[in-house]
Amino acid sequence: MHAPVLVLKDTLKRESGNKVHYANIQASKAVADIIRTTLGPRSMLKMLLDAAGGIVVTNDGNAILRELDLAHPAAKSMIELSRTQDEEVGDGTTSVIVLAGEMLHVAEAFIDNHYHPTVICRAYNKALEDAIAVLEKIAMTVDVKDRATMLGLVKSCIGTKFTSQFGNLIADLAIDATTTVGVEVGQGIREVDIKKYVKVEKVPGGQLEDSQVLKGVMFNKDVVAPGKMRRKIVNPRIILLDCPLEYKKGENQTNAELLREEDWSVLLKMEEEYIENLCMQILKFKPDLVITEKGLSDLTCHYLSKAGVSAIRRLRKTDNNRIAKACGAVIVNRPDELQESDVGTGAGLFEVRKIGDEFFAFIVDCKDPKACTVLLRGASKDLLNEVERNLQDAMSVARNIVKNPKLVPGGGATELTVSAILKQKSSSVEGIEKWPYEAAAIAFEAIPRTLAQNCGVNVIRTMTSLRGTHANGENAWIGIDGNTGAIADMKERKIWDSYTVKVQAFKTAIEAACMLLRIDDIVSGIKKKQAPGAGASSKPKVEEEGEAENEALIPE
């Protein structure tokens, strides 16, 4: 009697698992479809309303998905992919979502045929290993010191972005910024920290062509006493501090009881002497500019301006670090520990300029700056925000090439080559893993197919022609020119992709697809609010065996 019930339960459980798989696959495909049209140079832009009511116009995959508010957990997981890709390599955020969506789409047929998700995942991981081996084979090394090659490379990587209409401008800025902050760590390895040492300062007004990479840093501050202190100093000696230049207040609340009137003046004199000592300790190094992250009292300001020293107070720690890197100064915590070697002498000019309504301090013409500021000018804030997003991508691409100077063909040529070679290899895969392996190979064609769709050409004709060209894994450099939709040699058209970006995109997409396929149940940990007045008993209900058998096995 019990055996059929067990069988029934089993089939119902499987049905439940399948339902979750279908729901996950549909959610992932929906996310991929949202940003599918933003792939390639002829892509569409999306206009987004953010939480604050502002408008964002962009075709950057990560920027679009960041603003989406999706309820389905699988869709949220897809959005995380784009963020991971952006943080790791800074480019390929749209490709990774399109690829992951396609991997899940082709897996749907196998779920229908009751393939176990683990089998599909095993085949996908095997396909990933082989795909990376193919990338290694077709990648070519590039000379990082050759600026023309680097320029072409960064241009082709950001050719899909909104700013590609401004020619070499963004690519130039990106290469200048990354070469400035690159540091040799030994063994031929260069470390490029664009997050810490490259600051993008957006100033509305002027033209985009006025944008530049400064040989130094700028920040939104003026000197403490504009009338008394110099606003322009050539070859300044700079001291950077991380302590307040004012009378020290007690950590706790302190009360002083004074019995005689003279004691009050003694107390005031002590405060003045303390500040005078501080200033003298600083002034004996003959600085021209003193910058502190903390406060600076009126009396300190008087002593410094009397000695002809300019001062800036309450500067951000990150800005202070950048100034230290640019002019060779050391940030000091206590003025009595100052040494001659802590004074920064690497800057050629300190100047305060007025741009629009605000004052900006420039420390520029540095001898060997290891930090820089990119000054962006433009007509509106929306334009500047989009230019900044594109610049971040361009700098990430330049950084990737400096760290790993390898290129693969762009325009979908890489994916087609990988797809053709994997299809060939699928015949040697044993067991039922052969079919998911072949499906993964076909899924790679999603990128060139989407490119062709966004160009507005005949997709079926183009894809058939490309498949024929790549049939045996040859002609690895033949792909789609995203501007015209023509089939062309990517080497001649100088359409490249960074090897690092491609590898990361493949890994992220396939690993995410495997993770979502292995989910067979979604359990909500959120309590539903009870309707008011529904006085449910707080006692837990224990089901009898007979009742449990009659209950619906799948919770609605």
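Modeller: Ser-95, with a relative accessibility of 17%, counts as buried, a class that means under 20% relative accessible area, against over 50% for exposed and partly exposed in between (1.4 Å probe, protein chains only). Its place is in helix H4, which spans residues 93–112; helices (H or I, at least four residues) and strands (E, at least two) are DSSP runs numbered from the N terminus. Once residues up to four places away in sequence are set aside, Ser-95 touches Leu-39 and Ile-447, where contact means heavy atoms within 4.5 Å.

This is a predicted model, in which local features need pLDDT of at least 70 and side-chain atom pairs count only at pLDDT 80 or more, while totals for chains, interfaces and linings use all residues. Residues are numbered from 1 along each chain as its sequence is written, and side-chain values use heavy atoms, with hydrogens and water left out.

Ser-211, in the loop between strand S6 (198–204) and strand S7 (212–213), is likewise buried, at 8% relative accessibility. Although Ser-211 and Leu-376 are 165 residues apart along the chain, their C-alpha atoms are separated by 4.6 Å, and beyond its neighbours within four places in sequence Ser-211 is in contact with Leu-173, Leu-375, Leu-376 and Arg-377. Lys-434, by contrast, is partly exposed at 23% and belongs to helix H14. Its contacts, with neighbours within four places left aside, are Ser-426, Ser-427 and Val-429, and from C-alpha to C-alpha it is 9.9 Å from Lys-423, eleven residues away in sequence.

In helix H6 the buried residues are Met-150, Leu-151, Gly-152, Leu-153, Val-154, Ser-156 and Cys-157, and their cover includes helix H7 (169–181), H12, strand S17 (406–409) and strand S20 (496–498). The axes of H6 (residues 147–157) and H12 (residues 381–403) come within 9 Å and cross at roughly 130 degrees, the axes being lines fitted to C-alpha atoms over the stretch in contact, with angles from 0 to 180 degrees between N-to-C directions. H6 is therefore oblique to H12, since angles under 35 degrees count as roughly parallel, over 145 as roughly antiparallel, 65 to 115 as roughly perpendicular and the rest as oblique. Met-150, Leu-153, Val-154 and Cys-157 of H6 meet Ala-394, Val-397, Ala-398, Ile-401 and Val-402 of H12.

Turning to the rings, the structure holds four aromatic pairs, that is, rings of Phe, Tyr and Trp (its six-membered ring) with centres within 6.5 Å, stacked if the planes are under 30 degrees apart, edge-to-face if over 60 and tilted otherwise. One of them, Tyr-247 with Tyr-274, is edge-to-face, at 5.4 Å centre to centre and 85 degrees between the planes. Because Tyr-247 lies in the loop between strand S10 (238–241) and helix H9 (261–283) and Tyr-274 in helix H9, this pair ties together parts 27 residues apart in sequence. Phe-444 and Phe-506 form a tilted pair, 4.8 Å centre to centre with 55 degrees between the planes, and both Phe-444 and Phe-506 are buried.

Charges also sit over rings, meaning that NZ of Lys or CZ of Arg is within 6 Å of the ring centre and within 35 degrees of the ring normal. The charged end of Arg-231 is placed over the ring of Phe-359, 4.5 Å from its centre, and Lys-406 lies over the face of Tyr-499, 4.8 Å from the ring centre.
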